[in-house]
Amino acid sequence: MQALCIGLAIGVTLLQQQAALLEVHTLYLMLFAAVLLMLAGYRFSIYQKLPAVVRVLCQMLFAGIVGFVWASLFAHFYLKTSLPAKYEGKDLVVVGTIDSLPAYVDQGERFNFAVERVISPDLSIDERQHFPDKLVLSAYQGTEDLHVQPGERWQFNVRLKRPHGSVNPHGFDYEVWLLEQGIRATGTVRPASSAYPNQRLQEFVWNFGNVVERCRAMLRDRIHAALPGKNYAGVIVALVIGDQREISQSDWTVFNRAGIGHLISISGLHITMIAGLFAGLTSFLWRHSFFLNLSLPLLVPAQKVAALAGAVIAFLYVALAGFGVPAQRTLYMLCVVALAVWNGRVTSFSSVLCLALGLVVVLDPWAVLSPGFWLSFGAVGAILFAAASEEDDAATSWRQKLGSSLRTATRTQYAVTVGLVPLTMFLFGQFSLISPLANAIAIPLISFIVTPMALLGSVLPSSVSVVVLSLAHETVQMLATVLSWLSTFPAAVWIAAYPPFWVFALALAGVVWMLLPKAWPMRWLGIFCCLPLVSFQPAPIAEGQLRVTALDVGQGMALLIETSAHRLLYDTGPAYSAESDSGSRIILPYLKAQGINGLDAMIVSHNDSDHSGGALSILKQMPVSLVLSSLNSDSSIVAESRQHWRCQSGQVWRWDGILFEILQPVAASYDSTKWKPNARSCVLKVSTSHYAMLLPGDIEAVQEDELVNSIPDKLRADVLLAPHHGSGTSSTPEFLQAVRPELAIFQLGYLNRYHHPKTEVWNRYADFGVKRLRTDESGAITLQFGTSLQFSQFRQEHARYWYAQ
């Protein structure tokens with residue numbers, strides 16, 4: 001059974017690395033051939049003659065094929081419901097139910113919407129059958145104040161688009177996250193039409209999912225009512241219903257640096273604790289039922305009833321958590337244990353874990369793409385391996401028992417801390433060095449004090465609820481204060497570049513060696529296998545060569561320019577909300593993944609939010625030696641900078657054989673009040689001995705004309721970043737004639753509201769014979785300037801089957 005479950009998981013994981021899905025008939029042929037070979041082997045007793053190890057490998061191979069085929073068919077089924085491309089950007093009328101807790105975002109709310117029917121004469125019967133079953137909709141205050149609640153039936157005018165997100169190396173894949181949630185289109189609620197108003201059709205539609213979501217909404221409202229305006233009310237909400245969206249980015253930074261992010265939600269530890277509590281209470285009441293003149297233990301043993309009660313309460317608690325992967329894993333393990341107890345069978349914990357693994361990947365094949373999946377099973381696996389390697393202490397007195405318990409807890413914490421180092425570095429490129437101490441403080445506080453109080457406070461009468469929830473909140477606040485202090489230490493987090501797989505595999509082998517039994521010789525040698533993991537750095541750039549990465553930040557600009565010893569960031573992308581921007585979401589994770597812990601310079605071309613939106617996040621979390629910009633002196637970005645220079649034509653410097661020149665704006669432009677920020681964009685030219693690249697920000701036709709007439713000899717470049725994202729006010733024929741680029745890069749958002757690039761501008765580049773790349777189609781674009789000019793597109797280099805859907 002264990003080999004089959006592990007093989008199943010390997011097959012599912014292999015499928016998620018594919019660039020395209022196999023045809024359905026090919027999948028059926030693969031499955032038929034695997035079953036036929038397996039049956040033939042047993043029929044003619046071939047497998048009985050093979051060594052045990054070979055038999056296990058054959059079982060894993062068979063299960064791997066089954067897992068691959070199952071995950072492929074699963075993906076085929078869900079991808080059929082993708083929004084047809086011809087309906088992107090068109091207004092439709094949909095009727096359905098609110099399928100999730102609404103999230104309150106800047107100037108509106110966002111929620112999942114389960115579609116029941118589409119009102120549109122243009123949709124064919126086949127298109128109606130394959131229309132997405134679930135949407136993510138945003139309703140902004142400028143449209144209508146809807147104030148939706150889970151379970152309500154609504155009619156909406158919507159404008160939809162197919163699933164699409166920014167795609168960058170080591171970045172969050174929004175498209176696969178939507179796929180895992182069963183969401184095949186996103187969109188916005190449009191103003192009501194006279195024929196089809198946006199209206200609530202029914203107060204509540206009864207089904208299990210709606211009941212769960214409405215209960216979650218009620219619990220969240222009770223917590224907010226008891227903790228109005230409290231800093232850590234979002235943490236209490238996360239512990240009760242698993243909704244982490246209200247926790248601020250600054251708090252997440254502290255929790256992740258301290259290594260306790262796994263505790264700030266409904267984790268496996270919390271579920272096990274609550275299930276055990278209810279199981280113990282049920283067992284006690286069942287065994288003492290004779291006080292009521294009942295002999296319940298004679299009907300059903302108390303042990304069986306306790307196991308059933310624990311499994312039921314675990315299911316309810318996991319439902320409140322939204323069935324996250326760690327919660328699923330715990331639920332399945334508890335259910336398997338309950339089933340074994342009910343049937344009077346004793347089963348090993350490793351078998352329970354493997355069965356839970358098999359159930360998770362069968363029910364949710366995309367779970368293997370979640371870091372939480374690997375961390376969850378990895379943590380339990382490390383504990384099991386370490387526990388199997390240690391002998392239990394023979395304790396008799398309470399002091400000995402206490403000492404034994406402390407040693408067990410220490411061994412467990414050691415196993416989890418050491419065992420997850422390779423996985424954490426491989427998934428996140430960093431590891432919290434203070435996590436053992438932080439978890440030693442946080443686990444008992446969160447698990448045994450805050451979580452029980454939060455759960456009780458959310459259901460108790462209001463007068464008592466306020467007191468209990470306030471105590472829970474104060475405890476979290478004190479914990480956060482301690483963690484904030486710990487996380488300020490410079491050595492709190494070890495950061496290194498993302499390692500290749502062989503480095504991860506070597507470190508994993510070293511960790512296994514370190515967790516072997518005490519009698520195993522020289523266990524300390526395993527630490528040397530981990531050294532390449534924590535010290536890995538990407539291959540250096542040669543002197544005189546240049547690498548430029550145009551990140552996919554949506555509608556905005558952000559390019560990382562790297563020489564052999566220096567790093568410059570040109571623009572910082574957009575701000576998405578008050579709590580989220582491209583600096584914290586995309587640029588900083590990419591820099592850390594490349595092992596870059598500081599910038600030599602950052603250029604903020606001008607004040608528009610799609611160019612300056614991520615600057616403050618970067619300045620607050622990473623040292624930047626110099627900032628160049630055209631911003632006013634009272635700008636918060638200027639105030640946050642260690643050293644700031646105004647961009648001005650004529651500024652020149654050389655790094656590692658690479659020439660950097662500022663071509664615009666001229667000094668006199670700062671004294672004029674007639675120009676918009678676009679006009680003062682910092683224009684940067686970067687030149688190697690063979691090639692040059694021009695980055696003109698958002699300059700428009702007037703500034704292009706000034707450059708053409710004043711310094712035409714300076715404009716020639718092999719690569720051009722399309723001015724103003726390809727707007728109709730830039731990229732004049734005269735400017736393109738002066739630059740004469742071979743390659744043009746358009747940084748823009750998918751189906752952006754400005755309709756960039758304009759069709760006539762896009763075609764103009766083609767008329768000049770320019771190769772065109774755009775980040776909304778290519779993802780991040782990397783340019784290598786050496787003796788030849790090479791480029792790569794991340795969506796092609798890292799192709800996955802869901803990108804084309």
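Residues are numbered from 1 along each chain as its sequence is written. The model is predicted, so local features need pLDDT of at least 70, side-chain atom pairs count only at pLDDT 80 or more, and totals for chains, interfaces and linings use all residues.

**Sheet.** Eight strands, written 8 in the count, form an open sheet with mixed pairing. Their order is β15-β14-β13-β12-β11-β10-β23-β24. Strands are DSSP runs (E, at least two residues), numbered from the N terminus. Two of them pair if DSSP finds at least two bridges between them. β15 (644-646) and β24 (789-793) are the edge strands, each pairing on one side only. On average, neighbouring strands are turned by 15° against each other, direction ignored. The angle is taken between axes, lines fitted to C-alpha atoms, with N-to-C directions giving 0 to 180 degrees. Strands β13 (residues 601-604) and β14 (residues 627-629) run parallel and are joined by 3 bridges. I603 has L628 in β14 as its bridge partner.

**Cysteines.** The whole structure holds 1 disulfide (a pair of cysteine sulfur atoms within 2.5 Å). C647 and C682 form a disulfide, with sulfur atoms 2.2 Å apart. The link is right-handed, with 100° about the S-S bond. C647 lies in the loop between β15 and β16 (652-655), and C682 in the loop between β17 (658-664) and β18 (683-687), 35 residues apart. C354 is in no disulfide; the nearest cysteine sulfur, that of C5, is 6.1 Å away. The sulfur of C529 is too far for a bond, because the closest cysteine sulfur, in C530, is 6.7 Å away.

Buried means under 20% relative accessible area, exposed over 50%, and partly exposed in between (1.4 Å probe, protein chains only).

| Cysteine | Relative accessible area | Class |
|---|---|---|
| C647 | 0% | buried |
| C682 | 0% | buried |
| C354 | 11% | buried |
| C529 | 24% | partly exposed |

Terms used:
Side-chain values use heavy atoms; hydrogens and water are left out. Helices (H or I, at least four residues) and strands (E, at least two) are DSSP runs, numbered from the N terminus.
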